[in-house]
Amino acid sequence: MNMKERHIVTIDLGSSKFALAVAKQEADDIQVIYYDEMPASGMSRGAVFNETTAAEAVRALKEKAENELGLSITHAAVNLPRYEVKEISCQSSMELDPDKAITLENVRDLMEEAKQNCVIEDPDKYVVYDAVSQSFSDGEVFQIRESEIVGLEREHIEGNFKIFVGRKSGQKRIDSVFSKTGITPFFFFPAQGTARAVLSDSEMETGVALVEIGAGVSSVTIYTDGILRCYGSIPFGGKVITSDIKQECSIGEHLAENIKKGYGMCMPGKLLNLSEKKLQIRNKSTGADKQIPVRKLSEIIDDRMGEIVDAVLYLIQESCLYDEIRNGIVLTGGCAELGNIANKFNDMSGLATKIGYPISRFGYTSGCAGIHDPAAAATTGLLIEAIRTTRISYATPGSQRKTYTSPWERAEQRAGAGQQERTAEESGATLEESGTRNEGNTGAQTADGNSKGENGRNKGKDVEPVKPKRKHSIFDKIGTLFSEEDEV
């Protein structure tokens, strides 16, 4: 490997999926060469709950990447837990040589001093995750930005910082997971990275609330004047919606998740011609059919999403920054792809709302399908932070490149096609379709044979930004719940 070349590896441990990305950097040229994800294991509310099962999943993800890329992964940038994070305002000061200009290193030393002097109520349970500078003063002028303080010649400066602290056990469990897989983790608090991945500089400058709705945790990050001013999170997200669909429709969890991703929409009053449609589900074991009205599905999702929006708006109100959010709300995360979700936030908040996709800041190879989706915003943020703050290579040349087959894929191959039918309770039901399946579509239709289109959305009526077309279907991305060999 060229000494000027290095690889950056990120692993995001989410509540519903683990995602691994690899970027190759040569001087200023950065190419994302690999992206893969798999169902999460051993996670609860965005934090590691079972270290052993989580480590097994990470190991499988790592081995697949190593075999396909011919690398040996030794380090990885990892996001810290998003929930149970507290903000603490802290100040620190420093005496300097008045004949020398203030440097960025002086600012970093001032921040480290603020971290060390930060008073944590329960230091046995909480640890500092990150710190963000808010403003500086030279004793005469106040509210000086970090970019403005560098270069001044002063004998005394003071800094105001936001210190973010989280549970020590959360970081310790992640460390345990990666020690079992032979990877040295670099920890990053996800708020700033995800914001840099999705938001433009002008949005952060004029005021914006970034709302990331994940599976187990939803978070709010507020920027004004280009500075992270507030962060808050709630312990629920897309998983509770899936659970509601499962219970109300009496179907398996995997099927409920797939239906939510393929056909989930908020605001049943805006379904228009879709309100009378029905999803037809066939039980492969009994041959019996079940129908779920699209309107009922939308009502289930809308009720729970209303609670999530209320909780998000409460966090925004508590920040006292509502009037400063001139660019409104930007939604990202897996649930940001639900139909009409931007309209839902707009109606309930009174703020302009749009869907935030990761901004293309690097080059991408063909093996990175999915990294441009809102669900991959945290992974893109990790790449940005790792490239910006570290200088080592996270991987070294390994064994010869080869195709990797996971343990569960090998088991399926041994069992043979059509030998793994499951009961409806085990998500064995399939979405019945008619007509020809088009590549890149969901491959499923409503009961009357009319297709909803990509991801089941009523694209002609939705005012949200047009989502980039996927080169894969939800069948490929989510799993084998809907089999290509199912009898129509």
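## A pair in a sheet

Val-330 stands opposite Lys-354 in strand β18. The model shown here is predicted. Strand β17 covers residues 329-332 and pairs with β18 in the parallel sense. Three bridges join β17 and β18.

Both strands belong to an open sheet of five, in the order β14-β13-β12-β17-β18. The pairing in this sheet is mixed. Its edge strands are β14 (227-234) and β18 (353-355), and each of these pairs on one side only. From one strand to the next, the twist averages 20°. As a rule, the strands of a sheet pair through backbone hydrogen bonds, either parallel or antiparallel.

## Helices on the sheet

Helix α9, residues 294-318, packs on the sheet. It touches β12 (208-213), β13 (218-224), β14 and β17. The direction of α9 makes about 140° with that of β14.

Helix α10, residues 341-349, lies across β12, β17 and β18. It runs at about 160° to β18.

## Where α7 meets α9

Helix α9 also packs with helix α7 (residues 238-249). Two packed helices are described by the angle between their axes and the distance between the axes. Here the angle is about 145°, and the axes are 10 Å apart. The crossing of α7 past α9 is right-handed.

Which residues of α7 meet α9? They are Val-240, Ile-241, Asp-244, Ile-245, Glu-248 and Cys-249. On the α9 side, the contact includes Leu-297, Ile-300, Arg-304 and Ile-308. By class, the contact of α7 with α9 has nine nonpolar and four charged residues, with no polar ones.

Strands β15 (residues 278-283) and β16 run antiparallel, joined by five bridges. Gln-280 stands opposite Gln-291 in β16. The two strands form a hairpin, with five residues between them. In the turn, Gly-287 has a positive phi of about 80°.

Strand β16 covers residues 289-293 and contains Ile-292. Is Ile-292 buried or exposed? Its relative accessible area is 3%; buried means under 20%, so Ile-292 is buried. Leaving out residues up to four places away in sequence, Ile-292 touches Cys-249, Ile-251, Ile-259, Lys-278, Leu-279, Ile-281 and Leu-297. Ile-292 and Gln-280 are 12 residues apart along the chain, and their C-alpha atoms are separated by 6.6 Å.

## An enclosed helix

One of the contacts of Ile-292 is Ile-259, a buried residue of helix α8. Eight of the 11 residues of α8 (residues 253-263) are buried, so this helix is largely enclosed by the rest of the structure. The buried residues include the nonpolar Leu-255 and Ala-256. Glu-257 and Lys-260, which are charged, are buried too.

## A covered strand

Strand β9 (residues 126-137) is mostly covered, with 10 of its 12 residues buried. It pairs with strand β10 (residues 156-167) in the antiparallel sense, over 10 bridges. In this pairing, Val-128 stands opposite Val-165 in β10.

## Two nonpolar cores

In soluble globular proteins, nonpolar side chains tend to be buried together. The largest nonpolar core in this model has 65 residues. Which of its residues touch the most other members? They are Leu-13, Phe-18, Leu-20, Phe-178 and Leu-199. Helix α1 (residues 51-69) gives the largest share of this core, seven residues.

A second core is separate and has 48 residues. Among them are Ile-222, Val-294, Val-312 and Tyr-357.

Methods. Residues numbered from 1 in each chain as written. Predicted model: local features only at pLDDT ≥ 70, side-chain atom pairs only at ≥ 80, totals over all residues. Heavy atoms only, no water. Pairing = 2+ DSSP bridges. Helix = DSSP H or I, 4+ residues; strand = E, 2+ residues; numbered from the N terminus. Axes fitted to C-alpha atoms, helices over the stretch in contact; angles between N-to-C directions. Contact = heavy atoms within 4.5 Å. Core = buried A, V, L, I, M, F, W, Y, C linked by side-chain atoms within 4.5 Å. Buried < 20%, exposed > 50% of the residue type's maximum accessible area, 1.4 Å probe, protein only. Left-handed = near helix turned anticlockwise from the far one by under 90°.
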